[in-house]
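Please open the model in a viewer and keep the selection panel at hand. The stops below are arranged so that each selection leads to the next.

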Amino acid sequence: MKNIWIIAKKELRTYFTSPIAYVIMTVFLLLVGFFFYSLIWWFNTQSMQAAQNPYYAQQMNINQMVFGPLFNNMSIILLLMLPLLTMRLFAEEKKIGTEELLMTSPISVGQIILGKFTASLLVLAAMLGLTGLLSLFTFVYGNPEIAPVLNGYLGLFLMGGAFIAIGLFFSSLTENQIVAAILTFGALLLFWILNWAANSAAGFWKDVLNYVSFFQHFENATQGILDTTDIIYYFSFAFFGMFLTHSVIQSRRWR
Amino acid sequence: MIAVEHLVKNYGDLVAVRDLSFEVGQGLIWGLLGPNAAGKTTTMRILTGYLPATDGRASVGGFDVFEQPNEVKKILGYLPEVLPLYPDQTVTEFLNFVADLKKVPAAKKKGAVARAIKISGLEPVKGRLIRNISRGFKQRVGIAQALVHDPQVLILDEPTIGLDPAQIIEIRSLIKSLQGEHTIILSTHILAEVTQTCDGVVIINEGRLMVSGTLEEVTASVRTRDGVVLKVRRAAEAAVAALKALPGVEKVDRADGELRVEWKVGLDLREAAAKLAVETNCGLLEMRPLAMTIEDIYLKIVSGGVEP
């Protein structure tokens, strides 16, 4: 546990002594802020109209009309930005030769991977935590339900964790950060839209494609549904990503 | 302290190390010598547990490198060929990180880092970012990170590469000062480095052991002739002829006012040679033993003059 923290601390220091974390967080918050503003503005105009129509007024729901789309937007921004957060994790160690220092220290490959994973996860938590400020305004000036909002954040966090694990894997494959980022982004997008293929498939394969796709699972989170299937899905994705990373690093040494 | 037995390492079809065996005793500095691509770095990487061997055994401090890698890694400091430095950290930050990695207890960490900084002469740059310090200081940071946990065994891969002559001398005296407390293996292809800093040498070529032992042993094993060099004022033909006529003398060369007299190993013709020089009245100025330098040995071995 201590070993994991040693690595995580080092990675966090790198994130925050270089511009990486600040740039990613700032751009993320700007984009989320913009989406939030647009959604609130739209909700506001809808509310004005609903004020004249009692039937329509009953349909107004800030959770569904603001937070649902907001979480969807945030998940796409994460899909675009997390590969940039993870691309350097192993690629850089290999490029500058520090991998040799890590591998000749009394610390296991698994601990190194978990340390790096933890550091990225904490940056992700900070990114999501800061957007919590926006949600706070809706609670001050309105009365949304808190459970679906927290559930949405949980979904984003778990999915982000799965994204990071995939990013770790691609970072371990190459010395080139750009290559790592592109491969990660491609893989994540592919898994995201895999359910499109499910539409033309049938039976068993339809279920498989739907299950493997991120889209289906995240859809539940935005609607306030907390399903253990989804949690297991994200966990197994994260585990699988780290397992592959471990295999890549070990196999390179054994070649 | 360090033992390597029948070590083999293949990279696919390429054989980097073949059947390498040698031993290094405690507290000694041993040089690993060989031309480029001889397998020096591979051997060191196997010893540090970075690479697994294809076959054979290696042990450091009594621990098997393959069976107990973590025990080995705890007592070992390693300076790889490519310096493992994080450019965005300051020297002190980096050494603190390495101290954590190498399991230096929290209570001793501050002292250990201060000690490493002092030994390696990093005091003037300890607060600066590694990316901004000179190559010579970076090399010292590399040595400091190998030393920070006060390991019993140090493995240094080309510790003086890329340094200017003054820095090379400083690093060598630094290594020399570590003798006794630490067992050290250093790789190099600079021959002078071995004579100046090492107690013994392992010479490898194309992954094969050519010779190993203390400097004296190695010199003795390769030497085929003993002899003296006579510095004379007048190198007369008569003197050369007389020396050649001595029983056992195999060769007399004349160059730059010096006579190089060689005879079979085991004989001692020094007295007779001196006497002859005086008798032939060639004006003897100086007489010194014909020493075989590490350069001679190395060239002889690597160019294939000696069978392993």
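**Conventions**

The model is predicted: local features need pLDDT of at least 70, side-chain atom pairs count only at pLDDT 80 or more, and totals for chains, interfaces and linings use all residues. Residues are numbered from 1 along each chain as its sequence is written, while chains are lettered from A and ligands numbered from 1 in the order in which they are written.

**Stop 1: chain A**

Select chain A. Its C-alpha trace spans about 70 × 50 × 30 Å along the principal axes. Chain A holds 13 helices and 0 strands; helices (H or I, at least four residues) and strands (E, at least two) are DSSP runs, numbered from the N terminus. Of its 255 residues, 36% count as buried. A residue is buried if 20 or more other C-beta atoms lie within 10 Å of its own, exposed if 12 or fewer, and partly exposed in between, with C-beta atoms placed from the backbone. Among contacts in chain A between residues at least 6 apart in sequence, 77% join residues at least 24 apart. Two residues are in contact if their C-beta atoms, placed from the backbone, lie within 7 Å.

**Stop 2: the largest nonpolar core**

Now select Ala165(A) and Leu95(B). Of the 134 residues in the largest nonpolar core, these two touch the most other members. Such a core is a set of buried Ala, Val, Leu, Ile, Met, Phe, Trp, Tyr and Cys residues joined through C-beta atoms within 7 Å. Helix α8 (residues 146-173) of chain A gives the most to this core, with 13 residues. Apart from neighbours within four places in sequence, Ala165(A) is in contact with Phe117(A), Phe237(A), Ala238(A), Gly241(A) and Met242(A).

**Stop 3: where the chains meet**

Display both chains. Here 20 residues of chain B are in contact with 16 residues of chain A. On the side of chain B that touches chain A, α2 (69-74) and α3 (91-101) of chain B each supply at least two residues. The residues of that side divide into 11 nonpolar, 3 polar and 6 charged; Ala, Val, Leu, Ile, Met, Phe, Trp, Tyr, Cys and Pro count as nonpolar, Asp, Glu, Lys and Arg as charged, and the others, Gly among them, as polar.

**Stop 4: the domains of chain B**

Colour chain B by domain. The assignment gives domain 1 (2-220) and domain 2 (224-290), with bounds that come from an automatic or database domain assignment. Their centres, taken over C-alpha atoms, are separated by 44 Å.

**Stop 5: the sheet β2-β1-β4-β5**

Select these elements in chain B. The 4 strands form an open sheet in the order β2-β1-β4-β5 (chain B), with antiparallel pairing; two strands pair if DSSP finds at least two bridges between them. Strands β2 (14-24) and β5 of chain B stand at the edges, each with a single partner strand, so one side of each is left without a neighbour in the sheet.

Strand β1 (residues 2-11) and strand β4 (residues 55-60) of chain B pair over 5 bridges, and Glu5(B) has Arg57(B) in β4(B) as its bridge partner. Strand β4(B) is joined to strand β5 (residues 63-64) of chain B by 2 bridges.

Axes are lines fitted to C-alpha atoms, for helices over the stretch in contact, and angles run from 0 to 180 degrees between N-to-C directions.

**Stop 6: Ala53(B)**

Is Ala53(B) buried or exposed? With 22 C-beta neighbours inside 10 Å, Ala53(B) counts as buried. Ala53(B) lies in the loop between α1 and β4 of chain B. Not counting residues up to four places away in sequence, Ala53(B) touches Leu7(B), Val8(B), Lys9(B), Ile46(B) and Ala58(B).

**Stop 7: the sheet β12-β13-β11-β14**

Finally, move on to another open sheet of 4 strands, in the order β12-β13-β11-β14 (chain B), again with antiparallel pairing. Its edge strands are β12 (249-255) and β14 (284-289) of chain B. Strands β11 (residues 225-232) and β13 (residues 258-264) of chain B pair over 7 bridges, with Lys231(B) opposite Glu258(B). Helix α10 (residues 270-279) of chain B lies across β11, β13 and β14 of chain B, at about 25° to β11(B).
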